[in-house]
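Here's a quick briefing to read with the model open in your viewer.

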Amino acid sequence: TLGDHAAHVEVLVIEDDDAIRGLIARILRHDGCDVEEAADGQAGANFLRQKRPDLLVLDAMLPHVHGFEICAAIKRSPLWTTLPIIMVSAVFKGFESAKNIQEVHGADAFLEKPFEVNQLRHIAADLLKRPKPKTTRSATQTLTAERARALVDHHLTVGDTAEADLVLEAWIAADPFSARAWLERGNLALHKGDDVAALRAYELASTY
């Protein structure tokens, strides 16, 4: 069980199957966790913009925002990458899928549906023994969206695309699900003539 490690631990479960989401939530609540639930990727991303949990249990295949995209957004952010993620899937099966999901997408653990209850409990306990990251939610908000947009506009006005790029990196690191930040990233990439990067950024802006 999670034992003492579960004290004041907050877990977010993003899963579109009501029965499986309810089961995961009950298991982790039984072990003393505070559990929040989201039924689709967009709801999960919205929650993450407001609050950082101690553990994320994430379905791979989700409506609106794909589970793999949520995982990637978290793991590419230097401020969020330490958030442990357990990814679950009924579609991807076997050792090779598990290895790919962990190595390519950055998930900390993988559970194949249907999974054993104790397997989930033991993986969660193991991940939650990690030291909590020093970065707090308040620290990630030091660069507000309004200030970031103003800085980007200023740097572009004076022709300093490098500084604008740095601001955008910090903005996206603090809020990897911000549609506005990805839109500005696309605009900057287009300004620099990088059509491929611009298209990718616009796609992410549209997703969020």
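A174 sits in helix α8, which covers residues 161–174. Keep in mind that this is a predicted model. With a relative accessible area of 6%, A174 falls under the 20% cut-off and so counts as buried. Its C-alpha atom is 9.0 Å from that of T144, a residue 30 positions away along the chain.

**Helix α8 and its partner α7**
- Helix α7 takes in residues 145–157, and its axis comes within 8 Å of the α8 axis, with a crossing angle of roughly 165°.
- An angle over 145 degrees counts as roughly antiparallel, so that is the label for α7 and α8.
- The crossing of α7 past α8 is left-handed.
- On the α7 side, the contact is built from A145, A148, R149, L151, V152, H155 and L156.
- On the α8 side, the residues involved are T161, E163, A164, V167, L168 and W171.
- Sorted by class, this α7–α8 contact has 9 nonpolar residues, plus 2 polar and 2 charged ones.

**A closer look at R149**
- R149 belongs to helix α7, and it takes part in the contact with α8.
- Is R149 buried, exposed or partly exposed? Its relative accessible area is 37%, which lies between the 20% and 50% limits, so R149 is partly exposed.
- Setting aside neighbours within four places in sequence, R149 touches W171, R180 and E184.
- L168 is 19 residues from R149 along the chain, and their C-alpha atoms are 8.6 Å apart.

**Helices α1 and α5**
- Helix α1 (residues 18–30) and helix α5 (residues 117–128) have axes that come within 10 Å and cross at roughly 55°.
- From α1, the contact draws on I24, I27, L28 and H30, while α5 supplies V117, L120, R121 and A124.
- The class breakdown for α1 with α5 is 6 nonpolar residues, 1 polar and 1 charged.

- Which residues of α3 are buried? They are G67, F68, E69, I70, C71, A73, I74 and K75.
- F110 lies in strand β5, residues 109–112.
- At 11% relative accessibility, F110 is under the 20% cut-off and therefore counts as buried.
- F110 and I85 are 25 residues apart in sequence, with 8.6 Å between their C-alpha atoms.

**Cysteines**
- How many disulfides does the structure hold? The count is 0.
- A disulfide is a covalent bond between the sulfur atoms of two cysteines.
- C33 has 5% relative accessibility, so it counts as buried.
- C71 has a relative accessible area of 0%, so it is buried as well, and it is one of the buried residues of α3.

**The whole protein**
- In total, the secondary structure comes to 10 helices and 5 strands.
- Of the 208 residues in the protein, 47% are buried.
- Among contacts with a separation of 6 or more, 61% link residues 24 or more positions apart.

Methods: Residues are numbered from 1 along each chain as its sequence is written. This is a predicted model: local features need pLDDT of at least 70, side-chain atom pairs count only at pLDDT 80 or more; totals for chains, interfaces and linings use all residues. Side-chain values use heavy atoms; hydrogens and water are left out. A disulfide is a pair of cysteine sulfur atoms within 2.5 Å. Buried means under 20% relative accessible area, exposed over 50%, partly exposed in between (1.4 Å probe, protein chains only). Helices (H or I, at least four residues) and strands (E, at least two) are DSSP runs, numbered from the N terminus. Axes are lines fitted to C-alpha atoms, for helices over the stretch in contact, and angles run from 0 to 180 degrees between N-to-C directions. Contact means heavy atoms within 4.5 Å. Ala, Val, Leu, Ile, Met, Phe, Trp, Tyr, Cys and Pro count as nonpolar, Asp, Glu, Lys and Arg as charged, and the others, Gly among them, as polar. Angles under 35 degrees count as roughly parallel, over 145 as roughly antiparallel, 65 to 115 as roughly perpendicular and the rest as oblique. A crossing is left-handed if the near helix is turned anticlockwise from the far one by less than a right angle, and right-handed if clockwise.
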